[in-house]
Amino acid sequence: MQLALSEEQEMLRTMARDFLSDKLPKATVKEMEESEAGYSPELWKEMAGLGWMGLAFPEKYGGSGMSFLDLAILIEEMGGACLPGPYFSSVVLSGFTILDIGSEEQKAAYLPKIASGEKIFTLALTEAGASYDASGIETKASAEGDNYVISGTKLFVPDANVADYMLVVAKTDKGFTIFIVDARSAGISYTVLKTIAEDKLCEVVFDKVKVPKTNILGEPDKGWPEVEKIIQRGAAAKCSEMVGCIQKALDMTVEYAKDRKQYGRPIGSFQVIQHYCADMATDVDGTRLSAYKAAWMLSEGLPCTQEVAIAKAWAGEACQRVMALAHQIHGAIGVTIDHDLQYYTRRAKAAEVSFGDATFYREVVAREMGL
Amino acid sequence: MDFRLSEEQEKFRQEIRDFLKGEIKQGLWEPSCDAWIMGHDPEFTKRVSKKGWIGLTWPKEHGGQGRPYIDRLILTEEMLRYGAPAACHWFADRQIGGAIVHYGTDEQKKELLPMILRGEAYVGLGMSEPDAGSDLASLKTKATEDGDSYIIDGQKTWTSGGSHMNWIYLVARTDPDAPKHRGISEFFFRTDLAGINVVPIVDITGGVHFNEVFFENVRIPKTSLIGEKNKGFYQILNQLDYERSGMERLMANYPLFEALIKYTKETKRKGKPLSQDPLVRSKLAQLKIELEIGRLHMYRVAMVMDEGRAPNWESSMSKVYGTAFEQRLAGAAIEITGLYVQLSPQSKRVPIKGMAYHSYLSSKGYSLQAGSSEVLKNILALRKLELPSE
């Protein structure tokens with residue numbers, strides 16, 4: 001057992017941190033949030049040029065052959081920098097799923113395009129029921145000749161406004177099936193929803209959308225266990241993003257506490273502020289350790305239902321505690337829209353509920369405990 | 001990064017489990033909460049010694065096995081899991097042996113370490129005093145040089161292990177004129193000397209694990225001094241990192257957690273097992289989540305130690321976290337057992353052997369002993385986060 005990152009991983013972290021701090025001042029984040037696309041195509045190209053999209057894909061698909069753990073390190077940095085855009089959707093939610101269950105033709109056709117940043121993918125899973133269980137899926141796909149016809153409404157679909165392809169989870173005859181759907185197919189319309197994280201979550205309506213049978217990802221009717229894997233990967237990667245988010249909030253808060261003076265001394269010299277910061281640091285480290293463990297287990301291909309559930313349940317609530325204290329210490333300046341802290345506050349809330357909140361995962365843990 | 005234990009470590013864990021389960025099966029002892037500090041069983045300690053499980057991390061030349069701290073963590077984790085009565089050797093193994101290895105003379109090492117390895121040193125920790133708790137450097141107990149001896153005068157309190165000790169690790173003032181941190185030394189000596197009077201303190205569980213110890217003109221040989229004279233405070237800071245670092249700060253009540261899970265499966269309310277109640281499931285799952293986060297903190301501490309670095313803020317973090325967890329465990333157990341929690345362990349109809357009752361009361365002290373949570377958060381703020389002290 002050892003917890004240190006390898007030299008390569010440290011380099012990856014440094015490179016990512018330097019790049020993002022250079023390219024992504026908060027003014028740029030704000031511009032991206034306010035833009036229609038929700039991301040910067042120029043920055044996207046640069047990230048692709050650095051090999052970030054294909055980081056954990058095999059070399060034969062245009063990737064760098066690194067691991068999910070390496071990817072988690074990169075995502076942690078993205079979380080610290082509040083990077084907007086479809087990286088998570090395209091790489092974590094879609095790319096890995098294609099890599100995991102796609103046919104050789106599908107992998108060869110799509111993964112190099114994801115890796116190069118040329119095409120953007122996303123996942124259309126959740127619906128009005130707003131849950132991550134199978135009972136929440138009403139969208140149907142019916143076989144018609146060589147095609148399936150998909151009808152239904154997906155909600156909270158990230159980045160559908162810029163996606164070239166969507167992985168759509170739909171009910172089929174005897175179960176659930178995942179389809180790779182051209183986002184520009186006839187019958188697809190979307191509306192961007194205004195969100196707390198200012199990300200582009202969309203309502204996507206599928207009105208008799210024809211999809212060739214060859215676009216089934218994995219096996220027909222047997223898609224739900226694969227969906228669970230997508231949720232698991234999404235949750236684990238979200239934990240890493242949250243680590244970046246709350247580490248940055250802690251760093252900002254400690255700096256502020258050292259700098260801000262009241263009663264003639266830095267507020268960070270007052271014990272109550274020190275204890276708040278100590279509590280934050282303890283929550284950040286617990287989140288990091290469990291997020292790394294989950295990512296490492298995924299990297300190693302080990303069964304990790306319980307570990308991911310523990311990491312995400314913990315991260316969701318720890319993030320809220322950390323952000324609450326960050327605000328308490330920052331005082332009034334921290335609740336202004338012009339202060340950087342609010343970027344983290346907004347993202348922490350969105351991340352808490354994405355891919356399962358603590359209530360959802362406590363039940364998973366309870367089942368794993370044999371209760 | 002690799003979260004896997006080695007094959008040898010997994011085998012070691014299994015060996016410990018088999019040993020402890022065998023002991024329980026033979027009826028040699030029953031698992032209980034706080035057994036690491038309350039369970040004094042010299043025969044058990046002898047059997048542990050025979051297995052070679054004392055001094056695991058000490059260098060081989062001193063009779064240890066030179067194994068990594070993580071191996072000791074596995075050992076202590078299993079001892080705690082099974083609530084084994086390991087109090088006789090716990091302190092000597094955890095910190096005193098290590099301090100002697102680090103600061104002792106060759107003669108001290110030759111004389112004292114084999115005794116600890118044999119499981120014959122039941123050590124009391126003589127640190128706190130009535131007016132020196134968190135502010136340990138304010139201690140007043142004096143050690144005055146007199147020929148080949150030191151004369152000890154003063155009073156210690158909250159002396160863990162005091163009621164069963166045959167040796168004491170004592171911190172005393174050797175230079176009353178020096179600034180308070182710079183006039184303190186450490187001593188290790190037998191407690192069957194004239195002038196030592198131990199008065200047990202009954203804690204709120206009704207148990208005794210800490211004591212008042214009075215020293216009146218106690219003459220100890222000069223060779224009892226451990227390390228450098230007047231440098232004791234700095235030596236002990238290092239030792240405290242180890243004292244705080246262990247799994248006993250997270251899993252002292254593990255038998256309660258296991259028993260609670262079993263209780264919810266076997267107890268019906270409204271015709272259904274409690275374990276099917278969504279609120280109960282949620283509480284137990286949350287405990288499991290918090291326990292596993294705590295284990296990661298503890299393993300991190302062991303890894304820092306294996307890197308050769310004192311876990312000077314990591315152990316503070318893990319202890320604050322772990323003891324707060326144990327208090328929440330007791331709280332959840334109370335909520336789940338409901339009215340029954342009022343019944344003392346000796347009472348008719350008490351559930352889960354009164355462990356919830358015991359833990360609720362005993363866990364109040366966890367966030368005080370070996371550094372209060374407040375002091376430890378100060379350490380975290382100053383050493384890790386580098387916040388200003390004024």
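Helix axes here are lines fitted to C-alpha atoms over the stretch in contact, and angles run from 0 to 180 degrees between N-to-C directions. Helices (H or I, at least four residues) and strands (E, at least two) are DSSP runs, numbered from the N terminus. This is a predicted model, in which local features need pLDDT of at least 70, side-chain atom pairs count only at pLDDT 80 or more, and totals for chains, interfaces and linings use all residues. Residues are numbered from 1 along each chain as its sequence is written, with chains lettered from A and ligands numbered from 1 in written order.

Let's start where the chains meet. The axes of H11(A), residues 358-368, and H10(B) come within 8 Å and cross at roughly 85 degrees. That makes H11(A) roughly perpendicular to H10(B) (65 to 115 degrees). Among the residues making this contact are A:Arg362 and A:Glu363 of H11(A) and B:Arg281 and B:Lys288 of H10(B).

Taken as a whole, 35 residues of chain B are in contact with 36 residues of chain A (C-beta atoms, placed from the backbone, within 7 Å). On the chain B side, H10(B) gives the most, with 14 residues.

| Strand pair | Sense | Bridges |
|---|---|---|
| E3(B) (149-160) and E7(B) (208-221) | antiparallel | nine bridges |
| E6(B) (196-202) and E7(B) | antiparallel | seven bridges |

In E7(B), B:Val213 is the bridge partner of B:Lys156, while B:Phe210 stands opposite B:Ile201. E6(B) and E7(B) form a hairpin with five residues between them, and B:Gly206 in the turn has a positive phi of about 95 degrees.

Conventions
Two residues are in contact if their C-beta atoms, placed from the backbone, lie within 7 Å. Angles under 35 degrees count as roughly parallel, over 145 as roughly antiparallel, 65 to 115 as roughly perpendicular and the rest as oblique. Two strands pair if DSSP finds at least two bridges between them.
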